[in-house]
Amino acid sequence: MEIKINKEIRDYTENVYFGLSLRQFICSCLACIATLIIYFSFKKYFNIDILSWLCILGALPFALMGFVKYNGLTAEEFLLAFIRSEILTPRHLCFNPKNLYYELIKNKESKGENNENIFKIIKKRQRRDNSS
């Protein structure tokens, strides 16, 4: 007698029907329903060769949703991650550094002042910027 034990506990899936998980079983049923709808809808318009390819293409999205995992993500999780990264996040990220010390020196030089208390002024400005 041999008992199969997964090395990784997260790889465990509970079998519901014919060795399929609940997710795979539901997606298989949806693929069969989509195939039947396509077959009976287009039976009078196409011959059997074209109709069989249409049925395969109609069942493909459901089969992918149920059986394919990409980097440990299910189809919905992957689709959400793709939308977030490609559509919602800007492609061009701008970073504009602010050199406070340089700005203060430049302002003082333009006003003709000396640079004695520059650190006190920097701390005051930083506190003011952080509080607002």
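**Figure 1. Overview of the protein chain.** The model is predicted, so local features need a pLDDT of at least 70 and side-chain atom pairs count only at pLDDT 80 or more, whereas totals for chains, interfaces and linings use all residues. Residues are numbered from 1 along each chain as its sequence is written, and side-chain values use heavy atoms, with hydrogens and water left out. The accessible surface, from the Shrake-Rupley method with a 1.4 Å probe and with only the protein chains shown counting as cover for residues, comes to about 11,900 Å², of which 61% belongs to carbon and sulfur atoms. Among contacts (heavy atoms within 4.5 Å) between residues at least 6 apart in sequence, 36% join residues at least 24 apart.

**Figure 2. Confidence along the chain.** The average pLDDT, which is the predictor's confidence in each residue on a scale from 0 to 100, is 80 for the protein chain, and 80% of the residues score at least 70. Confidence is highest in helix 1 (residues 22-42), with a mean of 91, and lowest in helix 4 (residues 100-111), with a mean of 71.

**Figure 3. The salt bridge between arginine 23 and glutamate 76.** One salt bridge is found in a search of the whole structure, where the term denotes a side-chain nitrogen of Lys or Arg within 4 Å of a carboxyl oxygen of Asp or Glu. It is formed by the side chains of arginine 23 and glutamate 76, with an N to O distance of 2.9 Å. The pair links distant parts of the chain, since arginine 23 belongs to helix 1 and glutamate 76 to helix 3, 53 residues apart. Arginine 23 is partly exposed because its relative accessible area is 29%, and glutamate 76 is partly exposed because the corresponding value is 33%.

**Figure 4. Threonine 74 and asparagine 71 in the loop between helix 2 and helix 3.** Threonine 74 is placed in the loop between helix 2 (48-67) and helix 3, and this residue counts as buried because its relative accessibility is 14%. Not counting residues up to four places away in sequence, threonine 74 touches Arg23 and Lys69. Asparagine 71 also lies in the loop between helix 2 and helix 3, but asparagine 71 counts as exposed because its relative accessibility is 68%. The phi angle of asparagine 71 is near 55 degrees, a positive value in a residue other than glycine.

**Figure 5. Aromatic pairs.** Four aromatic pairs are found in a search of the whole structure; rings of Phe, Tyr and Trp (its six-membered ring) pair if their centres lie within 6.5 Å, and planes under 30 degrees apart count as stacked, over 60 as edge-to-face and the rest as tilted. Tyrosine 39 and phenylalanine 40 form an edge-to-face pair, at 5.1 Å centre to centre and with 80 degrees between the planes. Tyrosine 39 is partly exposed, with a relative accessible area of 27%, whereas phenylalanine 40 is exposed at 54%. The pair of phenylalanine 42 and phenylalanine 46 is tilted, because the ring centres are 6.0 Å apart and the planes stand at 50 degrees. Phenylalanine 42 counts as partly exposed at 34% relative accessibility, and phenylalanine 46 is partly exposed with a relative accessible area of 35%.

**Figure 6. Phenylalanine 78, its ring cluster and the nonpolar patch.** Ring pairs link Phe78 with Tyr70 and Phe82 into a cluster. Phenylalanine 78 is found in helix 3 and is partly exposed, with a relative accessible area of 36%. Leaving aside neighbours within four places in sequence, phenylalanine 78 is in contact with Tyr70 and Leu73. Tyr70, Phe78, Leu79, Phe82, Ile83, Ile87 and Leu88 make a nonpolar surface patch of about 720 Å²; patches are made of residues with over 30% relative accessible area and no salt bridge, with like charges joined within 9 Å and nonpolar side chains (Val, Leu, Ile, Met, Phe, Trp, Tyr) within 5 Å. Isoleucine 87, one of the patch residues, lies in helix 3 (residues 75-88) and counts as exposed because its relative accessibility is 60%.

Definitions and conventions:
Helices (H or I, at least four residues) and strands (E, at least two) are DSSP runs, numbered from the N terminus. Buried means under 20% relative accessible area, exposed over 50%, partly exposed in between (1.4 Å probe, protein chains only).
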